[in-house]
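Here's a protein model to explore together. Have a look at the chain first, then read on for a short tour.

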Amino acid sequence: LLVGEKSTIDAYADRLELSLTVPLGFGNANARTQEGREEIRSNLELVTSGEFDDAYRRVAERLVEAGVPDAVLRLGHEFNGAWAPWSSRTNEEEFIAAWRHVHEIMSAESPDFRFDWTAIRASWAEWGPPAYPGDDYVDVIGLDIYWRVTSVDDDVWGTEAWRLQYPRVL
């Protein structure tokens, strides 16, 4: 940078908003097996019982101290995927209870936090809607959409693959 020149971040600071992913459970469980789903249920119940309240509260406090009391929090993102230790698959009620609990903990530190309920597109129809925490707990609805290039003939960004998989998006 030249003397007196604004840094790249400073140049965009008035347009930046913090979006932070916050886990809704911990561990390595996978919802593809019965054992994994049971472990996830236990993880979510621990969250709801208050086992991690101090950690969630500290995150919220630090965000407020950092000057971002209106951050967008992607709580338990991609919840309808099988890989997350907070997966909602067959644990919808436990997921909702954990989401609402953490929402309350973090909102107590700043009522201006916005909560983003982000699913993945691939298993949306089956596993998304049953895990909705409710309008009082969700400010933003997000959807993670991934594409994969289907052949070497696809353009560099995979636009044709997107068109084939998500015709209403493009």
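## A sheet and a buried arginine

The chain's secondary structure comes to 6 helices and 4 strands; these are DSSP runs, with helices being H or I of at least four residues and strands E of at least two, numbered from the N terminus. Starting at that end, the elements run α-β-α-α-β-α-β-α-β-α.

Keep in mind that this is a predicted model, where local features need pLDDT of at least 70, side-chain atom pairs count only at pLDDT 80 or more, and totals for chains, interfaces and linings use all residues. Residues are numbered from 1 along each chain as its sequence is written, and side-chain values use heavy atoms, leaving out hydrogens and water.

The strands form an open sheet in the order β1-β2-β3-β4, with parallel pairing (two strands pair if DSSP finds at least two bridges between them). At the edges sit β1 and β4, each pairing on one side only. Here's where the four strands lie:

| Strand | Residues |
|---|---|
| β1 | 19-22 |
| β2 | 72-75 |
| β3 | 114-120 |
| β4 | 140-144 |

β1 and β2 pair over 4 bridges in the parallel sense, and S19 stands opposite V72 in β2.

Now zoom in on R74, which lies in strand β2. Is R74 buried or exposed? With a relative accessible area of 17%, R74 is buried (under 20%, while exposed is over 50% and partly exposed is in between, using a 1.4 Å probe and protein chains only). The R74 side chain also joins that of D144 in a polar contact of 3.0 Å (a pair of N or O atoms within 3.5 Å; within protein, one must be able to donate a hydrogen and the other to accept it, and residues adjacent in sequence count only if both atoms are side-chain atoms).

Terms used. Contact = heavy atoms within 4.5 Å. Axes fitted to C-alpha atoms, helices over the stretch in contact; angles between N-to-C directions.
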